[in-house]
Amino acid sequence: MYKTAVGGVGEAETMYENMNSPDQTYTTTPTEAVASEAVTEAASSGPVTEAVVPSTSADGSAPAVEPSAPARFDTKVVVVLRDDLKAWQELNVTAFLMSGIATSDEGLVGENYRDADANEYLPMLRQPVMVMTADRAKLASIRTKALGRGIPTAVYTEELFSTGHDAANRAEVAAVAAADLNLVGVALRGAKNGVDRVVKGARMHE
């Protein structure tokens, strides 16, 4: 799921699904706003990715969802796909790459979702995801620059379309020198300014 929001800083903002935008803002709920003071206090001692807030109210029920102050992230998540992929390949590559990002840090995934009937659903990534495209050369450059900056990176090569399990996937990547990887997609998560510099020149996916 790709989450982004529109609207200027300080204005009422609405979350939209399946849209990509460089604005890394999303709408918070009243319970998320409770943690805003903690975010402000912690900012002076180190980077804050997102305030951790309870998913339920004191009585165990799901909190009401109402617009509140926007939350900001000091990191950015970007998926870059090769620009000649078929639609099913884009979806497949994005899904696999995001599984790598979601498991790269313990705090990236939120708590379970719950509907008004108390049915529970699996948790998802806390922050927005940008999806971009680039040609082969640019994709290779992004991988090189990301690793050079120490940005956690997931890769997907063309050979993985024909493998059937994780061990085979890893074997295919391990058999190829870094400069020769036939990349069809990469995913990054790092400081905003660093990620922006690495993916500069890639285009927003349409």
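A salt bridge here is a side-chain nitrogen of Lys or Arg within 4 Å of a carboxyl oxygen of Asp or Glu. The model is a predicted one, so local features need pLDDT of at least 70 and side-chain atom pairs count only at pLDDT 80 or more, while totals for chains, interfaces and linings use all residues. Residues are numbered from 1 along each chain as its sequence is written, and side-chain values use heavy atoms, with hydrogens and water left out.

Now for the overall picture. The protein chain has 6 helices and 11 strands; helices (H or I, at least four residues) and strands (E, at least two) are DSSP runs, numbered from the N terminus. Of its 206 residues, 36% count as buried. Buried means under 20% relative accessible area, exposed means over 50%, and partly exposed is in between (1.4 Å probe, protein chains only). Take the contacts (heavy atoms within 4.5 Å) with a separation of 6 or more: residues 24 or more positions apart account for 69% of them.

An α-helix has 3.6 residues a turn, so residues three or four places apart point the same way.

Val-79 belongs to strand E5 and is buried, at 0% relative accessibility. Leaving out residues up to four places away in sequence, Val-79 touches a whole list of partners, including Thr-94, Leu-97, Met-98, Val-131 and Val-186. The C-alpha atoms of Val-79 and Leu-188 are 6.5 Å apart, although 109 residues separate the two along the chain. In strand E9 there is Thr-157, buried with a relative accessible area of 2%. Beyond its neighbours within four places in sequence, Thr-157 is in contact with Val-173, Leu-181, Asn-182, Leu-183 and Val-184.

Helix H6 (residues 192-199) has its own buried set: Gly-194, Val-195, Val-198 and Val-199. Seen down the axis, these fall within an arc of 115°, so they line one face of H6. They pack against E5, strand E8 (130-134), helix H4 (136-148) and E10. After H6 comes Gly-201, with a positive phi near 105°.

Back to the charged pairs. Side chains of opposite charge can pair when their charged atoms come close. The whole structure holds 7 salt bridges. One of them joins Arg-203 and Asp-83 (3.2 Å, N to O). Arg-203 lies in strand E11 (residues 203-204) and Asp-83 in the loop between E5 and H3, so the pair ties together parts that are 120 residues apart in sequence. Another links Arg-170 with Asp-166, with the closest N and O atoms 2.8 Å apart. This pair is 4 residues apart in helix H5 (residues 166-174), about one helical turn. Arg-170 is exposed at 52%, whereas Asp-166 is partly exposed at 47%.

Glu-120 and Arg-114 also form a salt bridge, with 2.8 Å between the closest N and O atoms. Ala-118 is in the loop between strand E6 (113-114) and strand E7 (120-121). Most residues other than glycine have a negative phi, but Ala-118 has a positive value, near 70°. Ala-118 is exposed, with a relative accessible area of 52%.

How values were computed
Arc of directions from axis to C-beta.
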